[in-house]
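The exercises below concern a pair of chains and are to be worked with the sequence and the structure in view. Each task is followed by a solution in steps.

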Amino acid sequence: MLFSSELIKGTLKTIILKLLSENKRMYGYEITQTVKELTSDKIQLTEGALYPTLHALEAEGLLTTETEYIGKRVRKYYSLSKNGKAKSLEKVNEFADFINTMKFLLDIKTKTT
Amino acid sequence: MYNLSEQQIEYILNDIRRNGVEMEDLQLNLLDHICCIIEQNLKEGDDFEDFYRKTVKQFCKHELWEIEEETIILLTIKNYYVMKKSMIISGTISVAALLFGSFFKIMHWPGANVMLLLGIGTLCLIFLPLMLLLKTKETDDKRDKLVIGAGTLVGMLLCTSVLFAIMHWPGRTPLWMTTCALSMFVLIPLYFFTGIRKPEAKINTIIVTIILVGATGLQFMMVNVRPSRTMEIFNFYANQDLASACSYATEQNNARYKTLLNDSSSAKKELNELRRRSYSLYKKIEEIKLDLINTILERNDTLVDYMNIYTYNDGNYDLPTSLLFNNLGQPNSILMRLRNDVDSFNLFIKTTYDKNSFSMINTNGTKDLNDGHIILWEVFNFYQVPFGIVLRNLTQIQLDVRIVEATCIH
């Protein structure tokens, strides 16, 4: 089953930050492929959501970038800045907490219905 | 792995650009991404263009430019908060600087002008432009944006006019007039006709328009209606008459010099010294008057002309005072020099002609009628005194010079 883009949208920043905290540096296509592999195709990031988020994270100072020439084209690698590392931890913890809360909330619902 | 040719890469990049993606950073990101997908998935012999189209279609809902739009939205939301914060901070700084600046100005304390400059500068250059940016972002209506733009422009001009007026910089009156005209004939009509079309804003628009017209009218009046024209015209005549008396005395004295210098028994050296000193003092005062008239009335005259001195009404008492006194209300160099020149003239008369002090130019203080304390000569004649009377008092000293001169040679 493929998750809906609405669900992914709220967690995209967390996904990117977490991935970058485990890999030194990644480029856009690599991020989509890694997510796809790790989730056995359940989460597929769309380019329309990924790149705006990457730019926003860079503007917030959470990511640093370096560019490399691959033949004639340019590849932009993203890695976590110092702030980004702290933010990544914070986001992951926040989301874990959120999952627990959701679990609790949904459990109650199933019990009452 | 498929091998992309340079032409194919060029083709993709051009297509990205054609589809409305303008940010270079994003163009390069997308180019690399698409190239990666094609390299991984396209097999030799497959149709490149067909595969490319299919790939790009999956990127977003409709067109590629949506990605750029989404990026801009995410980036500006971030900027939005920074801008809002800066706007509030700059607003607070400028209000504080203006409040303290005006208070210091009233008290004649030093630093007033710096604070006012800072306050108005911050308001004009930081607060108002930021407000313009934020407000135009909040609305999609082009007419509304136009009104906000015109409002900001008038606001900036108003601040600049006030600054020019306080600093007595040249060009202040035309600036006030431009601000009034722009407000009355551009901003207010624009605001009124934009607002009146919206049923929900109709009443509000009418009320605000009335307030704006009233405020602009008052501002116009402040600059153009004189408190007492009669007094100013009276001063004009007083100056003219004193000046005529001066020229008459000058003529008489010159004629007397001629007679005396032809007479072999008179002391020629003393006479020439008296003539030189009188002329020099007279001329210095004439220069001060010319300087005041040119600065205050924004003219470029080369001769003192009392014509239209009553047209000046820009803080009637303050401008001459600010030119002749410093921030602490102490006489500045112009008055100091004048005082020294008059005193040394007096000394010369006293030592050369042995005249008593009644026959000399009076630079003594004057007793205050209320509490009996002595008011300095400079303060009594020039401090917070209307411009016309400042000129009259200066001309009076010139006449005194001629009279003292006359008592020595007649």
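**Strand pairing in chain A**

In β3(A), A:Val74 is the residue that A:Tyr69 stands opposite. The model is a predicted one.

**Exercise 1.** State in which sense β2(A) and β3(A) pair, and over how many bridges.

Solution. Take the residue ranges: β2(A) spans 63–70, and β3(A) spans residues 73–80. The two strands pair in the antiparallel sense, and the pairing runs over 8 bridges.

**Exercise 2.** Give the strand order of the open sheet in chain A and find its edge strands.

Solution. The sheet has 3 strands, with antiparallel pairing, in the order β1-β3-β2. Next, look for strands that pair on one side only: these are β1 (26–27) and β2 (63–70) of chain A, the edge strands.

**Exercise 3.** Determine where in chain A confidence is lowest and where it is highest.

Solution. Begin with the chain as a whole: the average pLDDT of chain A is 87, and 94% of the residues score at least 70. Then go by element: helix α4(A), residues 82–112, is lowest at a mean of 85, while β1(A) is highest at 94.

**Exercise 4.** Describe the contact between the chains, counting residues within the 7 Å C-beta cut-off.

Solution. Count each side: chain B contributes 21 residues and chain A 18 residues. On the side of chain B, α1 (6–18), α2 (24–41) and α4 (65–107) each supply at least two residues. Of these, α2(B) gives the most, with 10 residues. Sorted by class, this side of chain B has 13 nonpolar, 3 polar and 5 charged residues.

Notes:
Residues numbered from 1 in each chain as written. Chains lettered and ligands numbered in written order. Predicted model: local features only at pLDDT ≥ 70, side-chain atom pairs only at ≥ 80, totals over all residues. Contact = placed C-beta atoms within 7 Å. Helix = DSSP H or I, 4+ residues; strand = E, 2+ residues; numbered from the N terminus. Nonpolar A, V, L, I, M, F, W, Y, C, P; charged D, E, K, R; others polar. Pairing = 2+ DSSP bridges. pLDDT = per-residue confidence, 0-100.
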